[in-house]
Amino acid sequence: MSGKTVNSAILLLVIGNAMALISDVFIKLMEPGAPIFQFAFLRCVITLLLLLPLAGQLNRKQLFSGFKVHAVRAHIHLAGLLCMVIALANLPLATANAVFYAAPILVMVLSTIVFREKLTPLSVIAVFSGFAGIVVILRPVEFNWAAIAALAAAFALAINAVMVRQLPKEQSTVHKLLLNYILIIPAAGTLALWEGAAWDSSILLSALGSALFILGYNITVLLAYRQVDANQVTSAEYTGLIWAVLIGWIGFNEVPDLWFAVGSAMIVVPLILVGLRSRQRSHRVLQAYPVSG
């Protein structure tokens, strides 16, 4: 599976999203009241150690270029990770992941604010439908700190995605990831010390499993999008919600209700339509301006 064809790229994204869900499962399996700062610190350290063998891809001439942007993104990433842990610990697996899918919608909104991008009518529908879908899934009677944490995690994902454009283009993806985790660790370590929780070996296992599988997801995404246009395969990312329902149902006896089904459709379907419209537009451009060899 090289990701060089559309079908192989889609398969990579399906597998990758399953790996991301397994990472979430490692978080959800932690004991109630587990020290989340200790977990976040250990996961960041383990991820950095896993990335170190790729340090040869660092651009030494641009080692700390864009430091301020990297630093802000790193700490937003840490805040998002902590919110994600809280959400997964207290919400059904599928519910938490459905709210996380607010991130692409928030990216649209933030892009219009930061980069003055114009939304198409379909994108506007996707934004309003997505927010309404979140309300349907959570419902005001169930809106609590866990739901707020899930929304905060989605905001963190969206802000980080938008800020990618401000990072130096001379730096590789590995460079950006390494710098991100190097900058996270001091803050994560400080929070873990402040938390003052006793050492818990089970947390180490959870952090290791979560780090391995989320890194696997990142690798599949890199392989999938490296050779194929994003608009051709990005809808495959939403298979993550199917994995969340299946794993939550089989592993945690979390049976999704009608509210969840309706709300999820309100979030995901418009995003898929936006992706399909983008793909059709790309095809029309290629037909009008064919690339000569």
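The structure is a predicted model, in which local features need pLDDT of at least 70 and side-chain atom pairs count only at pLDDT 80 or more, while totals for chains, interfaces and linings use all residues. Residues are numbered from 1 along each chain as its sequence is written, and side-chain values use heavy atoms, without hydrogens and water.

**Confidence**
- The protein chain has a mean pLDDT (the predictor's confidence in each residue, from 0 to 100) of 82, and 86% of its residues reach 70 or more.
- Over residues 285-293 the pLDDT is below 50.
- Where pLDDT is low, the predicted coordinates should not be read in detail.

**Helix α2**
- Buried residues (under 20% relative accessible area, 1.4 Å probe, protein chains only) in α2 include Phe37, Phe39, Leu42 and Ile46.
- Gln38 is also buried, with a relative accessible area of 8%.
- Beyond neighbours within four places in sequence, the contacts of Gln38 (heavy atoms within 4.5 Å) include Trp199, Asp200 and Ile203.

**Packing of α2 and α8**
- Helix α8 (residues 173-195) packs with α2 at about 150°, with the axes 8 Å apart.
- The two helices are therefore roughly antiparallel (angles over 145 degrees).
- Among the residues that meet are Phe41, Val45 and Leu48 in α2 and Leu178, Tyr181 and Ile185 in α8.

Terms used. Buried means under 20% relative accessible area, exposed over 50%, partly exposed in between (1.4 Å probe, protein chains only). Helices (H or I, at least four residues) and strands (E, at least two) are DSSP runs, numbered from the N terminus. Axes are lines fitted to C-alpha atoms, for helices over the stretch in contact, and angles run from 0 to 180 degrees between N-to-C directions. Angles under 35 degrees count as roughly parallel, over 145 as roughly antiparallel, 65 to 115 as roughly perpendicular and the rest as oblique.
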